[in-house]
Each structure stands twice: as C-alpha cells, then as structure tokens.
Amino acid sequence: MSHLFPPAPQVAVPVRGSSHLFPVHRIYCVGRNYADHAVEMGHDPDKEPPFFFQKNPDNLLLGGGEFPYPSASSDVHHEIELVVALDKGGVDIPVDSALDHVFGYAVGLDMTRRDLQGEAKKLGRPWEVGKAFEHSAPCGEIVPAGAIGHPASGAIWLDINGARRQQGDLDQLIWKVSETVSYLSGLFELRPGDLIFSGTPAGVGPVVRGDRLHGHIDGIGDLDVTVV
Ligand code: MN
C-alpha cells in the first residue's frame with residue numbers, strides 16, 4: 001500500500017567530518033539543569049529530580065541561520081544548550097554505561113515563547129505552545145564523541161549583537177549527561193536518533209527581530225542565528 005500523501009521527510013543533522021547524517025527520532029529537553037538558571041526562574045536550586053519536555057524533530061533549525069520570530073508571542077527567549085545525540089537506545093540504562101549510548105554533541109538553542117510558557121505554568125497546562133513551535137530548536141552540526149570525548153567541563157555562552165548574555169560552564173550541570181540519559185531511560189524507551197537538549201545556564205532573555213545570536217560551547221563549536 002502506498003501512502004495517502006507523501007510522508008514527512010526524515011529530519012537529519014550533519015555530522016562533523018562525516019558524509020553520514022544523524023537521523024533524528026525524538027527531541028527531549030531538560031528543564032532547570034543549571035542552579036543559577038533555576039534561581040533566576042524563581043525556583044530552588046537544590047537537586048530535585050530532573051523533568052523533561054519534548055520538541056518535535058521538525059522544529060529543528062539545522063545549522064542555525066534565520067529564525068523567524070514566531071506567532072502568538074511578544075516575549076521569545078533564547079536558551080543556549082548542550083545537545084546530546086544518542087546512537088544507541090534502551091530502557092533503565094545504568095549511569096555507569098550511559099555515555100556508551102552517546103554518539104556526540106552539538107550546540108543548540110531552546111527558543112521559548114516565554115509568555116505562553118508562563119501562562120501554561122500558571123494554569124497547570126502543558127508547555128508545548130511555549131516550547132515546541134516551528135524553528136524553535138536551532139542546532140549546529142553534531143561533533144562525534146569519538147573525536148572529542150565526553151566533555152564534563154567547558155565554557156557555554158551566548159552573545160547577542162556582540163554582547164555576552166548567557167555564560168556558564170558544563171561543569172555546572174545539576175544532572176550530568178550520564179545521569180540525564182539514565183533517568184530519561186526510566187521514563188521512555190530511548191532510541192538511536194534521540195537528541196537531548198540538556199538545559200540552559202543563567203542569563204535567558206528576550207530577542208527581537210534583527211538580533212544576531214552567537215552561541216558557543218568549548219570543544220564543540222559555534223552556532224549563529226539571526227532573528228527575522
Ligand atoms: Mn531549555
């Protein structure tokens with residue numbers, strides 16, 4: 001049987017130094033994973049269990065570039081994040097072996113309609129309208145762990161129009177990558193192709209049309225996005 005209409009194309013992320021693309025299965029995102037960001041959002045920085053939301057694979061803005069200011073919001077925020085790319089799946093993955101499931105890392109942005117997210121929080125509603133909209137997940141190329149290892153520290157920052165807005169270090173992650181993968185695998189069956197946006201350091205704030213965003217993570221690379 002053929003499809004009623006053409007299926008959506010497989011979303012796939014370029015891999016540095018490879019002619020192969022990384023086909024995306026799901027996108028998981030960790031909420032509040034740097035203490036200073038938890039505090040700026042009005043929460044306790046103590047190590048509570050991680051929580052997750054999802055974006056859709058076709059929300060990716062591959063390689064950055066032009067980010068169209070989305071509909072229905074007047075308060076769109078930037079969140080610079082380390083993206084973890086899995087090439088092995090599983091359930092109940094032990095922390096000790098979790099990094100064996102990680103193929104590589106990328107620089108990503110969790111763009112957020114903060115006004116809609118705030119309204120959802122207040123009303124106890126889901127976060128999708130605030131988080132999972134078109135182009136809401138700019139993501140650079142994946143850098144294989146085989147080339148750079150598994151970074152446990154290193155600067156992560158975001159400049160807008162040349163001014164530093166967010167600044168942190170991967171060693172400030174409340175839930176380390178191995179712990180996040182392990183915990184998430186107790187909630188969902190992880191699959192090859194899953195991406196995990198691992199949370200953002202402090203300094204989130206609004207963007208406006210014309211802003212030039214430049215994100216960086218030591219050892220992984222850079223991501224440039226222009227708000228249009
Ligand atoms: Mn985020």
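1. Metal donors are N, O and S atoms within 2.8 Å of the metal (3.2 Å for Na, K and Ca); water is not among the atoms, so sites may look incomplete. By that rule, Glu79 (OE), Glu81 (OE) and Asp110 (OD) coordinate the manganese ion, at 2.0 to 2.1 Å. The spacing of these donor residues in sequence is E-x1-E-x28-D. Glu81 lies in strand 8 (residues 80-86). Asp110 sits in the loop between strand 9 (102-109) and strand 10 (112-113), 29 residues apart from Glu81. Both Glu81 and Asp110 are buried. Here buried means under 20% relative accessible area, exposed over 50%, and partly exposed in between (1.4 Å probe, protein chains only).

2. A word on the basis. This is a predicted model: local features need pLDDT of at least 70, side-chain atom pairs count only at pLDDT 80 or more, and totals for chains, interfaces and linings use all residues. Residues are numbered from 1 along each chain as its sequence is written, and side-chain values use heavy atoms, with hydrogens and water left out.

3. Now the overall build. The chain has six helices and 18 strands. These are DSSP runs, numbered from the N terminus: helices are H or I, at least four residues, and strands are E, at least two. The radius of gyration is 17 Å, close to the 17 Å of the globule rule for 228 residues, so the chain is as compact as a globular protein of that length. That radius is taken over C-alpha atoms, and the rule is 2.2 Å times the number of residues to the power 0.38. The C-alpha trace spans about 45 × 40 × 35 Å along its principal axes. Buried residues make up 51% of the 228.

4. Next, the nonpolar cores. Such a core is a set of buried Ala, Val, Leu, Ile, Met, Phe, Trp, Tyr and Cys residues joined through side-chain atoms within 4.5 Å. The largest has 39 residues, and Val181 and Leu213 touch the most other members. Elements giving two or more residues to this core include strand 3 (27-31), strand 8, strand 9 and helix 6 (177-184). Apart from it lies another core, of 19 residues, among them Val11, Ala106, Cys139 and Ile142. In soluble globular proteins, nonpolar side chains tend to be buried together.

5. Contact means heavy atoms within 4.5 Å. Leaving aside neighbours within four places in sequence, Val181 is in contact with Leu86, Ile93, Ala98, Val102, Leu190 and Ile196. Val84 is in strand 8 and is buried, with a relative accessible area of 1%. Not counting residues up to four places away in sequence, Val84 touches residues including Val102, Tyr105, Val177 and Ile196.

6. Last, the aromatic rings. Rings of Phe, Tyr and Trp (its six-membered ring) pair if their centres lie within 6.5 Å; planes under 30 degrees apart count as stacked, over 60 as edge-to-face and the rest as tilted. The count comes to seven aromatic pairs. One of them is Tyr28 with Phe188, tilted, at 5.1 Å centre to centre and 40° between the planes. Tyr28 is in strand 3 and Phe188 in the loop between helix 6 and strand 15 (195-197), 160 residues apart. Tyr28 is buried at 0% relative accessibility, whereas Phe188 is partly exposed at 29%. Trp175 and Tyr183 also form a tilted pair, with centres 6.0 Å apart and planes at 55°. Phe51, Phe53 and Trp127 form one aromatic cluster.
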